[in-house]
Amino acid sequence: MELFRTGRNVYGQGTLDGMSWDLIWVFVAAGAVFILLHAAYRRFLAPKRK
């Protein structure tokens, strides 16, 4: 699996053409877990606001 797609421009230099979409679900899941853990922390462990 390629994480980055690269190519060459007209001058022969390497260029970044894009990124692989294969791992998008890993980052979506990591974001969801972060949101859930943050909400649980705020609900149960964080000091109460006045």
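Author: What follows goes from the overall chain to single residues.

Author: Keep in mind that this is a predicted model.

Reader: Noted. Which elements are there, and in what order do they run?

Author: The chain holds 1 helix and 2 strands. From the N terminus on, the order is β-β-α.

Reader: What is the radius of gyration, and what would a compact globule have?

Author: The chain has 20 Å. A compact globule of 50 residues would have a value near 10 Å.

Reader: And what does the C-alpha trace span along its principal axes?

Author: About 65 × 25 × 10 Å.

Reader: How many of the residues count as buried, in percent?

Author: Of the 50 residues, 4% count as buried.

Reader: What about the accessible surface? How much belongs to carbon and sulfur?

Author: The accessible surface comes to about 5100 Å². Carbon and sulfur atoms hold 66% of that.

Reader: Switching to the strands. How do strand 1 and strand 2 run, and how many bridges join them?

Author: They run antiparallel, and 5 bridges join them. Strand 1 covers residues 4-8. Strand 2 covers residues 14-19.

Reader: What about the hairpin loop? How many residues sit between the strands, and which glycine takes a positive phi?

Author: There are 5 residues between the strands. Glycine 12 takes the positive phi, near 85 degrees. Glycine 12 lies in the loop between strand 1 and strand 2.

Reader: Is glycine 12 buried, exposed or partly exposed, and why?

Author: Glycine 12 counts as partly exposed because its relative accessibility is 40%. That value falls between the cut-offs of 20% for buried and 50% for exposed.

Reader: How far is glycine 12 from leucine 45?

Author: They are 56 Å apart in space, C-alpha to C-alpha. In sequence they are 33 residues apart.

Reader: Next, leucine 16. Where is leucine 16 found?

Author: Leucine 16 is in strand 2.

Reader: Buried or exposed, and why?

Author: Leucine 16 is exposed, because its relative accessible area is 58%. The cut-off for exposed is over 50%.

Reader: What is leucine 16 in contact with, leaving aside neighbours within four places in sequence?

Author: Phe4, Arg5 and Thr6. For phenylalanine 4, the C-alpha to C-alpha distance from leucine 16 is 7.1 Å. The two are 12 residues apart in sequence.

Reader: Which residues form a nonpolar patch on the surface?

Author: Met1, Leu3, Phe4, Leu16 and Met19. Together they have about 580 Å² of accessible area.

Reader: How accessible is leucine 3?

Author: Leucine 3 has 43% relative accessibility, so it counts as partly exposed.

Reader: Last one. How far apart are leucine 3 and arginine 49?

Author: In space, 44 Å, C-alpha to C-alpha. In sequence, leucine 3 and arginine 49 are 46 residues apart.

Key. Residues are numbered from 1 along each chain as its sequence is written. This is a predicted model: local features need pLDDT of at least 70, side-chain atom pairs count only at pLDDT 80 or more; totals for chains, interfaces and linings use all residues. Side-chain values use heavy atoms; hydrogens and water are left out. Helices (H or I, at least four residues) and strands (E, at least two) are DSSP runs, numbered from the N terminus. The radius of gyration is taken over C-alpha atoms; the globule rule is 2.2 Å times the number of residues to the power 0.38. Buried means under 20% relative accessible area, exposed over 50%, partly exposed in between (1.4 Å probe, protein chains only). Accessible areas come from the Shrake-Rupley method with a 1.4 Å probe; for residues, only the protein chains shown count as cover. Patches are made of residues with over 30% relative accessible area and no salt bridge: like charges are joined within 9 Å, nonpolar side chains (Val, Leu, Ile, Met, Phe, Trp, Tyr) within 5 Å. A salt bridge is a side-chain nitrogen of Lys or Arg within 4 Å of a carboxyl oxygen of Asp or Glu. Two strands pair if DSSP finds at least two bridges between them. Contact means heavy atoms within 4.5 Å.
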